[in-house]
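Visitor: Could you take me through this structure? I would like to start with the contact between the chains.

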Amino acid sequence: MPSANETIQELANQEYKYGFVTDIESDAIPRGLNEEVVRTISARKNEPNFLLEWRLRAYRHWLTMKEPAWHNVHYPPIDYQDIIYYAAPKSGKDGPKSLDEVDPELLQTYEKLGISLQEQERLSGVAVDAVFDSVSVATTFREKLAELGIIFCSFSEAVQNHPELVKQYLGSVVPYTDNFFATLNSAVFSDGSFCYIPKGVRCPMELSTYFRINAKDTGQFERTLIIADDDSYVSYLEGCTAPRRDENQLHAAVVELVALDRAQIKYSTVQNWYPGDKEGKGGIYNFVTKRGKCRGADSKISWTQVETGSSITWKYPSCLLQGDRSIGEFYSVAVTNNFQQADTGTKMIHIGRDTRSTIVSKGISAGHGQNTYRGAVKILKGAAGARNYSQCDSMLMGDACGAHTFPYIEVKNSTAQMEHEASTSKIGEDQIFYCKQRGIEAEDAVSMIVNGFCKEVFRELPMEFAVEARKLLGVSLEGSVG
Amino acid sequence: MLKIEDLHVEVEGKPILKGVNLEVASGEVHAIMGPNGSGKSTLAQVLAGRESFEVTRGRVFYGDRDLLDMEPEERACEGVFMAFQYPVEIPGVSNVYFLKAAMNAIRKHRGEEELDAMEFMKVVREKIKLVNLDQSFISRSVNEGFSGGEKKRNEIFQMAVLDPILAILDETDSGLDIDALKTVADGVNALRRPDRAIVVITHYQRLLNYIVPDRVHVLSGGEIVKSGDKDLALELEARGYGWIEAQVAVTPAERHP
C-alpha cells in the first residue's frame with residue numbers, strides 16, 4: 001500500500017533540479033504478457049532502441065523456457081497472463097487517510113521495531129504532506145554524491161542520462177537468458193536502482209534506496225545495477241526492517257554488481273516483505289536473481305542478507321570470481337516461521353587464480369517453516385590456489401518445521417582448498433529454562449539465543465542495520481515458542 | 001523463608017518425590033544429601049519451576065507466597081536463583097550481555113531503573129574476582145567452551161551478580177577438582193548473609209567441609225528420612241548411604257512392633 005507515498009514523492013520530485021523524468025501516467029496497461037506489452041512498457045519509459053531490443057530478445061527467450069522445479073518450495077501455479085506488467089502509481093485517494101485507518105497489528109509491529117511516526121506513515125502509505133524531512137535529507141546526500149562523481153539514481157533515470165553505462169553493463173552479469181525469473185524480469189522490469197562509483201572514489205556514506213529520491217515501491221520487477229570502477233568502494237543497503245505489504249504476490253527482481261580492479265562492493269539486504277498470515281495465506285513470492293562479478297584483479301564483493309519476510313524466498317546471491325585474487329563473501333540469515341518457505345544460498349564460481357570465498361549461512365525454522373540452504377562452490381580449471389570456506393548452520397524451533405542443506409561442490413583444480421562445516425541444532429527447552437531461571441522471559445530468551453546464533457552474520461551488517469535486524473528477528477519469531 | 005509441605009512430584013507418571021517437608025529460614029544454609037536417584041535434583045528443578053515435573057500434592061511457600069503458582073522467570077525476579085548442575089551453553093551470547101538482560105529483567109520487575117552500562121560493568125568486574133575467573137570470561141559466550149569447573153564457577157559468579165534471596169545450588173561440586181571446589185566454596189561463603197538462604201544439594205560430604213551447613217537433610221526414596229546438624233554429613237560419609245537406607249527399612253517395624 002505505498003501508493004499514496006509514491007504519488008507524493010513523484011510530485012515532490014518534479015520540483016527538484018536534477019532533471020528527473022517522472023512518469024505519472026495514470027492508466028495501467030491490460031493484464032497479460034505479449035510482445036506488445038513489452039513494447040508498451042519500453043515506450044512509456046521512453047527507452048532507447050537498444051533497450052527495447054534487449055527486452056524483446058528476453059521476452060522471446062522466456063517463451064521457450066520452463067518455470068524451474070528443482071527448488072524445495074511449493075506453491076500453486078502462477079498465471080503469468082493474470083499479472084499487470086505495468087501500472088502507474090495510483091492516486092493517494094486509495095491509501096489510508098491517517099494511521100487510525102491502518103491495521104493495528106501492523107502498527108504494533110512498527111512500534112516494536114522503534115519506527116518513528118513519520119516513517120510509519122510513509123510505510124503504511126498514509127497521505128502525508130508533500131514536504132517532509134526525508135526529501136531534503138535525500139537532496140543533501142545527492143549533492144554530496146554528485147560532487148564525487150557518484151551516480152546514484154533510479155534505473156529509469158540512468159537509462160535516460162547515462163545510456164552508455166547501462167548499455168555496457170546491463171546483462172553483463174545476469175544475461176537475459178539466465179533463468180526463468182531473471183529472463184522475465186529482463187523483459188518487463190519496471191524500475192530499480194542504478195549506481196556508478198568512479199575510479200578511486202570511496203563512497204562516503206552507506207547508499208540506501210531509502211535516501212534515493214524516487215525510492216518508492218519500484219514494483220514487482222525491480223532491476224538494480226551497481227558498478228564500482230577501479231579502486232572504488234561502496235556499501236549499499238537494500239530494504240527495510242519494517243514489514244511492507246504489497247498487492248503484487250510475485251516479485252522477480254534482478255541485481256547485478258560489477259567490481260573492477262581493486263574495487264569493493266558491500267551489499268546488505270534486510271528483506272521483510274509480507275510473509276502471509278499464520279495459516280499461510282497470502283504473502284509475497286520473492287524470486288530474486290542476485291549476482292556480482294569480480295571482474296577486476298583484487299576486487300571484492302560481499303553479500304549480507306537477513307531474510308525474514310515473504311511467504312517464499314528463492315534467492316542465491318552469487319559471486320563470479322574472475323579477477324585474480326578476487327574475494328567473494330556471502331553472509332546470510334534466513335528465518336521461516338508459520339508456513340514460510342525459503343530456498344536460499346549462494347554460488348561462488350572461482351575463475352581467477354588465488355581467488356577466495358567465504359560462505360556463512362544461518363537458517364532458522366520455526367512453526368511450519370521450511371528452510372533450505374542451497375549452495376554451489378565451483379573451482380574452475382584456471383583457478384589455481386583457490387580457497388573456500390563454507391559454514392551452514394540450521395536452528396530448529398519446535399517439531400513441525402524443517403531444515404535442509406544442499407551443498408554442491410565442484411573442483412577442477414587440484415590446488416584448491418575447501419572447507420565445509422555444517423550443524424543443526426534445536427533451540428533447547430534447556431536453554432530457554434536457563435534464561436527464565438535468570439529472570440528473562442521466554443520471548444526475550446528466544447530472541448537472545450537466536451541473535452547469538454546469527455552473530456557472525458550480524459557483525460557484517462552496518463551498525464545501524466544490525467541493531468534493526470536484531471529487533472526484527474525477535475519480532476519475526478514472536479510466538480514461536482510456547 | 002522457604003517452606004515445603006508434603007511435596008509429591010511425578011515425572012511422566014512416575015513418582016519421584018513422595019512427601020517432602022522442609023523449612024529453611026533466612027540466613028541459613030541447608031544441605032540436602034542423598035544417593036543417586038533419590039530425587040535431589042528433582043527437588044531443585046521443581047523449586048526453580050521446571051515445567052516437565054508435575055506436582056501432584058503439597059505446597060511450597062516462598063515468604064508468604066505460593067511458589068508453585070509463580071512462573072520460573074517470576075521466581076527469578078523475586079530472588080530465587082538456581083545454580084545448575086549442567087549449565088547450558090548459549091553460543092554467540094556473551095556472559096555480560098546475558099547477565100545484563102537478567103539483571104535488567106529483575107530490576108524492571110522491581111520497578112527500578114535499568115542499571116547504566118558503566119555501573120553494571122563495575123559490579124561485574126568486582127564479582128568475577130570472587131570465583132577467581134579471568135576477566136575475559138565476562139565477554140565470552142555463556143558457558144561455551146568452558147571446562148566443567150569454569151561452568152560451575154560461572155554459576156556462582158552469576159549468583160553474585162544477581163544477588164538472590166534464596167539460592168539453590170544443584171550439585172555445584174560435581175566434577176570439580178579440589179582447588180576448584182575450594183574456590184566455589186569460598187565464593188558461596190562470601191555470599192552468605194543474614195537475609196539470604198542457601199540450599200546446597202550434593203552427593204558428597206566433602207563440599208560441606210568448606211560450606212559448613214546449619215542443617216543437613218538426607219533425601220532417600222523421595223522423602224527426607226533424616227535431618228541433623230553438620231555432623232550428620234560426617235556420619236554419612238563414614239557409614240555410607242546404606243546405613244540410612246537400612247535404618248529406613250527397619251523403621252516401620254519399630255513403629256509397629
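Visitor: What are the ipTM and pTM scores of the model?
Guide: The ipTM is 0.94 and the pTM is 0.79.

Visitor: Turning to chain B, in what order do the four strands of the open sheet lie?
Guide: The order in chain B is β2-β1-β4-β5, with antiparallel pairing.

Visitor: Which strands are at the edges?
Guide: The edge strands of chain B are β2 (14-24) and β5 (65-66), each of which pairs on one side only.

Visitor: What packs on the sheet?
Guide: Helix α1 of chain B, residues 40-48, packs there and touches β1 (2-11), β2 and β4 of chain B. The direction of this helix makes about 70° with that of β2(B).

Visitor: Back to β5(B): how many bridges join it to β4?
Guide: Two bridges link β5(B) to strand β4 (residues 54-62) of chain B, and the two strands run antiparallel. Within β5(B), B:D66 is the bridge partner of B:F61.

Visitor: Why does B:E74 count as partly exposed?
Guide: B:E74 is classed that way because 17 C-beta neighbours lie inside 10 Å, whereas a buried residue would need 20 or more and an exposed one 12 or fewer.

Visitor: How far is B:E74 from B:A48?
Guide: Their C-alpha atoms are 10.0 Å apart in space, and the two residues are 26 apart in sequence.

Visitor: Where in chain B is confidence lowest, and where highest?
Guide: Chain B averages a pLDDT of 91, and 96% of the residues score at least 70. Confidence is lowest in helix α9 (residues 241-255) of chain B, with a mean of 65, and highest in strand β6 (residues 80-83) of chain B, at 97.

Visitor: What about residues 252-257 of chain B?
Guide: There the pLDDT stays under 50, and the model has zero contacts beyond four places in sequence for residues 252-257 of chain B. Where pLDDT is low, predicted coordinates should not be read in detail.

Definitions and conventions
Residues numbered from 1 in each chain as written. Chains lettered and ligands numbered in written order. Predicted model: local features only at pLDDT ≥ 70, side-chain atom pairs only at ≥ 80, totals over all residues. Pairing = 2+ DSSP bridges. Contact = placed C-beta atoms within 7 Å. Axes fitted to C-alpha atoms, helices over the stretch in contact; angles between N-to-C directions. pLDDT = per-residue confidence, 0-100.
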